[in-house]
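Open the model in your viewer and keep the sequence panel beside it. This tour goes stop by stop: select, look, move on.

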Amino acid sequence: MPPALQGFGSDGFNAAGRDLTVKPGDDFFRYANGTYIKDLIIPPDQTSYGPFSILAERSRDQVRTLLNDVSAHPVADPKTTEQKLGVYYASFLDQARVDQLGAKPLAGDLDAIKGVNDLEAFAKLTGMAASGFQSSPFDIGINPDDHDPTKFSIDVAQSGLGLPDRDYYLKPDFAAKRQAYRDYIVTMLGLIGYADAAKNADAIVALETGIAKVHWALEAERDPVKAYNPMTVAQLAKAAPGFDWQAWLVAAGIPATGLEKRVLIIGQPSAIAGEAKLLAGADPAVLRAWMAFHLADNAAPYLSRAFTDASFAFNGKTLNGQPAQSERWKRGVRVTSSAMGWAIGKSYAARYFPPSSKARITELVGEVKAAFKYRLEHNEWMEPQTRAAAGRKIDNFDIQVGYPKSWRDYSKLTVKQGDVYGNASRSLAFNWNFWLNHLDQKVDREVWFDMMPQTVNAENIPNYVEVVFPAAILQPPFFNPNADPAINYGAIGGVIGHEMTHSFDDQGRQYDEHGRLHDWWTKKDAQKFQALADRFGKQYDAFEIFPGVHVNGKLTMGENIADLGGLTLGLEAYHASLHGKPAPVVDGMTGDQRVFLGWAQVWREKLRDAHARNLIVTDPHSPPRARVNIPSHNIDAWYKAFDVQPGQKLYIAPAQRVKIW
Ligand SMILES: [Zn+2]
């Protein structure tokens, strides 16, 4: 058992982790987690630590065992998926070999950049970013279409920044990070022998600052209606002139036949037009330097120690405060997972996910769904018409648990012994091709997207009306088959409720019972929802994590609504499970107390300051303390469970408490 999971009682709760010197009504997070957090040491190769990272470590150890098995005897010419996995991992572990090669593996891609003398060539090479290490000022993706989720759309979005967000370029708080970024560019250009590194670094930062200025803020991108802008390629060329869209799309692998009439979904039209204009006026020499730097930055994990050290010093240490780089085997697990993760996932699920867990989670999801239905029927602010449609949406809810029914076929992927860079770039192309092959096909809902069985996370797919729970999250302390039910209802029950509520948060609510994005709400109900959401958002805006640094209530709106819904539904489902019997008292704690503590325990995360400052700008999730304290103090039962009285710091009057779902 990892040290940080020690001290958990057979009820699944780590009671010793509480800080009983704090009143729950003053700081529930500290009351529930204070001692645990105080004693928790963030390992030097991590930027945060707590149950999520501990489970991720466990999953990684399990994956390492699988990879050690298949890489024990690497073959020169791997044919089977297992052999490919083994060779991919074993080749990556060979530090001496990558050090010996130095920057050599980049030569071909760098030569291609040197040949970029005009905008057409620039568009062609950046279009190849989807299938290799090159970079692009725009992102391209293939996803189920928001208006008709039975087919795929091609989505084009703003991109092109090397720092985490536009704020890093535009706000004075990040001046030191910008300077460090500029120095990092100098280092990287130096490592690839690029001329005039200092001058080029200044020009790259200036170019990206221009891009940052036209980018949409992350919170604005969250509006699915504003981010759904269908345009044919011909229309896009008119709306965002200056960039050779046709050349870019063809290079990305979109069929040239009928291209002008093909419809794309443009995420941020003004940003994309702004970027296109900026690029059209840019000096090709600057564009080449920009591409060369990003190529080296993207490929750094697959290159010699000089590259990985430089990349870590900036991306790990400076941006996130991580003191030490993780060991090579850990990075090996990560890169092998991103290349062939579904092959790993298949073995992972077979070896580590018991069918009994699948059965229990499926049952729990049913209970949370019933709790949601019950609450909706008793909803006080919705008109019958919207409420009936929302009820149908809950009825249609689908779940995926553990692992997908269909697996990715790796027979067309070539993996070569000792060719770390080539293996990685071929896998990028392979994985992009997988999605290209789905274009113009009917959507197969059994194909999973981001969540692999070994991923410690869960997701809601709004246009599938579906939630996905990979095998790896279904472990203690999120889900403990032997734990006290109340703790499980607060922990995994809360997480299930959180994911389901996403279909009814400020974004998800706009998708109907069949997952189609359109306005199915009455105007009055939409206004009422918005008023509740705004009121709730202000509670987060007021939450300070460092002096003068607050949570962004708009950026985190969806996650916050999901947290409030999740905890409410976990509690409701627990109450229903008692069938009218009184809740047992366990270790001196009542049933309701244990549900709230189960939720609080899930978010026992400790963060490094630089990482926390990065997340406050880029992460749609609120910081752990807010995820525990704010939902709790909006729920009446929490006051009763912990005898919270007026005058205590978290106390808010009943009229100020926000109830959405
Ligand atoms: Zn969420």
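In which helix is serine 425 found? Select helix α19, residues 420-436: serine 425 is there. Helices here are DSSP runs of H or I with at least four residues, strands are runs of E with at least two, and both are numbered from the N terminus.

Before going on, note the ground rules. This is a predicted model, in which local features need pLDDT of at least 70 and side-chain atom pairs count only at pLDDT 80 or more, while totals for chains, interfaces and linings use all residues. Residues are numbered from 1 along each chain as its sequence is written, and side-chain values use heavy atoms, with hydrogens and water left out.

**Stop 1: serine 425**

Stay on serine 425. Its relative accessible area is 19%, so the residue counts as buried. Buried means under 20% relative accessible area, exposed means over 50%, and partly exposed lies in between (1.4 Å probe, protein chains only). Now show its contacts, meaning heavy atoms within 4.5 Å. Leaving out residues up to four places away in sequence, serine 425 touches Ser131 and Phe133.

**Stop 2: the zinc ion**

Select the zinc ion. Which residues coordinate the zinc ion? They are His498 (NE2), His502 (NE2) and Glu559 (OE), at 2.0 to 2.1 Å. Donors are N, O and S atoms within 2.8 Å of the metal (3.2 Å for Na, K and Ca); water is not among the atoms, so sites may look incomplete. Along the sequence, the donor residues follow the spacing H-x3-H-x56-E. Histidine 502 sits in the loop between α21 (492-501) and α22 (523-541), and glutamate 559 in helix α23, so the pair ties together parts that are 57 residues apart in sequence. Histidine 502 and glutamate 559 are both buried.

**Stop 3: the second largest pocket**

Helix α23 leads on to the next selection. Which element gives the largest share of the lining of the second largest pocket? It is α23, with five residues. The pocket holds about 540 Å³ of space. Its lining has 20 residues, and the closest to the centre are Arg375, Glu380, Thr568, Lys659 and Trp661. Elements that give two or more residues to this lining are α17 (355-377), α23 (557-577) and α27 (636-642). Colour the lining by class: 10 nonpolar, five polar and five charged residues.

The terms are these. On a 1 Å grid over the protein atoms alone, a pocket is an open set of points with protein on both sides within 12 Å along at least five of seven lines; a cavity is a set where a 1.4 Å probe fits but cannot get out; lining residues have an atom within 4 Å of a point. Grid points are joined across faces, edges and corners, and a volume is the space filled by probe spheres set on the points. Ala, Val, Leu, Ile, Met, Phe, Trp, Tyr, Cys and Pro count as nonpolar, Asp, Glu, Lys and Arg as charged, and the others, Gly among them, as polar.

**Stop 4: the cavity**

How many cavities of 30 Å³ or more are there? The count is one. About 30 Å³ of space lies in the largest cavity. Select its lining: Val551, Asn552, Leu555, Thr556, Leu615, Ile616, Asp619, His621, Ser622 and Pro623.

**Stop 5**

Go to strand β6, residues 398-402, and pick aspartate 398. Its relative accessibility is 34%, so aspartate 398 counts as partly exposed. Its side chain makes a polar contact of 3.4 Å with that of arginine 445. A polar contact is a pair of N or O atoms within 3.5 Å; within protein, one must be able to donate a hydrogen and the other to accept it, and residues adjacent in sequence count only if both atoms are side-chain atoms. Beyond four places in sequence, aspartate 398 touches Arg445, Val465, Glu466 and Val467.

Step to valine 465, in the loop between β7 (459-461) and β8. Is valine 465 buried or exposed? Buried, at 1% relative accessible area. Phi of valine 465 is positive, near 45°.

**Stop 6: backbone exceptions**

Most residues other than glycine have a negative phi, and most peptide bonds are trans. Select histidine 579, in the loop between α23 and α24 (591-602). Its phi is positive, near 50°, and histidine 579 is exposed, at 67% relative accessibility. Finish at proline 476 and proline 477, joined by a cis peptide bond with omega about 5°. Proline 477 lies in the loop between β8 (466-470) and α20 (485-490).
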